[in-house]
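Dear colleague,

I am passing a structure on to you, and below it you will find notes on what turned up in it. Please keep it open beside you while you read.

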Amino acid sequence: QVQLVESGGGLVQAGGSLRLSCAASGLTFTKYRMGWFRQAPGNERALVASLRRSGSTAVYKDSVRGRFTISRDDAKNTVYLEMNSLKPEDTAVYYCAASQSTYGEFDYWGQGTQVTVSS
């Protein structure tokens, strides 16, 4: 049974930082591309960042590039999202996801963690 468990969300002031973690179990972590998505009220869920199986290639949503960093620790089966210079518009529920393909859909999802950025 695959499980993705996010942690690290919370309330932070604009300009602050948070680091999200996603611990994966029930899958061969090194074979999965990992991603972070977010969904704000009234909006569709959107990709924030993704990282290939090798960790060599990261893709970022334009609005977070330069502020957010995705990384992975294969020894710990964990993917991280370091978020700096946070803005109120970053407020959303953040979801971790895993995909067996390089470019296709994500197969597994976490339950989400709330990030709230106050102005």
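**What was found**

Val2 lies in the segment that comes before strand E1 (3-7), and please keep in mind throughout that this is a predicted model. With a relative accessible area of 23%, Val2 is partly exposed, and, leaving aside residues up to four places away in sequence, Val2 touches Ser25, Gly26, Leu27 and Tyr108. The C-alpha atoms of Val2 and Arg67, which are 65 residues apart along the chain, are separated by 30 Å.

Turning to the strands, 4 of them form an open sheet with antiparallel pairing, in the order E1-E3-E8-E7. Its edge strands, each pairing on one side only, are E1 and E7 (68-73), and from one strand to the next the twist averages 15°. E7 and E8 (residues 78-83) run antiparallel and are joined by 6 bridges, with Met83 in E8 as the bridge partner of Phe68.

As for the aromatic residues, the count comes to 4 aromatic pairs. In one of these, the ring centres of Tyr32 and Tyr108 are 6.2 Å apart and the planes are at 55°, so the pair is tilted. Because Tyr32 lies in the loop between strands E3 (18-25) and E4 (33-39), and Tyr108 in strand E10 (residues 108-109), the pair ties together parts that are 76 residues apart in sequence. Tyr32 is buried, at a relative accessible area of 7%, whereas Tyr108 is partly exposed, at 31%.

Finally, Phe37, Phe106 and Trp109 form one aromatic cluster, and the charged end of Arg45 sits over the ring of Trp109, 3.8 Å from its centre.

Terms used:
Residues numbered from 1 in each chain as written. Predicted model: local features only at pLDDT ≥ 70, side-chain atom pairs only at ≥ 80, totals over all residues. Heavy atoms only, no water. Helix = DSSP H or I, 4+ residues; strand = E, 2+ residues; numbered from the N terminus. Buried < 20%, exposed > 50% of the residue type's maximum accessible area, 1.4 Å probe, protein only. Contact = heavy atoms within 4.5 Å. Pairing = 2+ DSSP bridges. Axes fitted to C-alpha atoms, helices over the stretch in contact; angles between N-to-C directions. Phe/Tyr/Trp six-rings, centres within 6.5 Å; stacked < 30°, edge-to-face > 60°. Lys NZ or Arg CZ within 6 Å of the ring centre and 35° of its normal.
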